Amino acid sequence: RDIRSFSAVVSQNCAVAMAPRRIQSAVRKAASAPEEDDRSCNLMIFGLPEESGKATVEDSVRGVLDALNEKPALPKCSRLGASSDGEVRPVLVTLSSREALLSLLRKARELKSSAKYSRVFLEPDRT
């Protein structure tokens with residue numbers, strides 16, 4: 001027969017007894033987790049010149065999207081990193097749906113033929 005220590009038996013039985021509670025806790029956390037952690041709807045824009053004057057990041061992003069004949073909802077647009085002279089910071093755009101992101105990525109090649117946005121690149125958020 002197998003002789004095990006008391007602590008081994010207790011730890012094994014406690015783990016089995018606690019499994020349903022851990023599962024329920026994980027389900028609750030996943031259901032209540034904010035969607036801002038979901039990066040599947042995020043778009044990164046590289047090479048977009050910094051704004052000057054009254055122009056905002058959102059105006060610049062709208063210009064790129066207009067060049068692609070797309071008009072998705074933009075819940076959030078922001079530049080990443082600290083600004084410094086001569087550096088063009090990437091733009092993080094949160095879109096309302098994954099389908100909007102995929103549609104933009106499919107059309108991203110069209111920017112090469114655009115005179116104003118030929119050096120602008122679109123990529124999914126891989127962070």
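This is a predicted model: local features need pLDDT of at least 70, side-chain atom pairs count only at pLDDT 80 or more; totals for chains, interfaces and linings use all residues.
The model contains an open sheet of four strands in the order E2-E3-E1-E4, with antiparallel pairing. Strand E2 (76-79) and strand E4 (121-124) stand at the edges and have a single partner strand each, so one side of each is left without a neighbour in the sheet. Averaged over the sheet and with direction ignored, neighbouring strands are turned by 20° against each other. E1 and E4 run antiparallel and are joined by four bridges. On the E4 side, Glu 123 is the bridge partner of Met 44. Helix H2 lies across E1, E2, E3 and E4, and runs at about 105° to E2.

In soluble globular proteins, nonpolar side chains tend to be buried together. The largest nonpolar core of the model has 19 residues, of which Leu 43, Ile 45, Leu 48, Val 61, Val 93 and Leu 122 touch the most other members. Two or more residues of this core come from each of strand E1 (42-46), helix H2 (57-67), strand E3 (91-94) and helix H3 (98-107). The contribution of H2, four residues, is the most from any element.

Contacts of Leu 43 were examined with residues up to four places away in sequence not counted. Under this condition, Leu 43 touches Val 91, Leu 92, Val 93, Leu 95, Leu 101, Leu 104, Leu 105, Leu 122 and Glu 123. Among these partners, Val 93 and Leu 122 are also listed with Leu 43 as core residues that touch the most other members. Glu 123, another contact of Leu 43, is the residue of E4 bridged to Met 44.

Key:
Residues are numbered from 1 along each chain as its sequence is written. Side-chain values use heavy atoms; hydrogens and water are left out. A nonpolar core is a set of buried Ala, Val, Leu, Ile, Met, Phe, Trp, Tyr and Cys residues joined through side-chain atoms within 4.5 Å. Buried means under 20% relative accessible area, exposed over 50%, partly exposed in between (1.4 Å probe, protein chains only). Contact means heavy atoms within 4.5 Å. Two strands pair if DSSP finds at least two bridges between them. Axes are lines fitted to C-alpha atoms, for helices over the stretch in contact, and angles run from 0 to 180 degrees between N-to-C directions.
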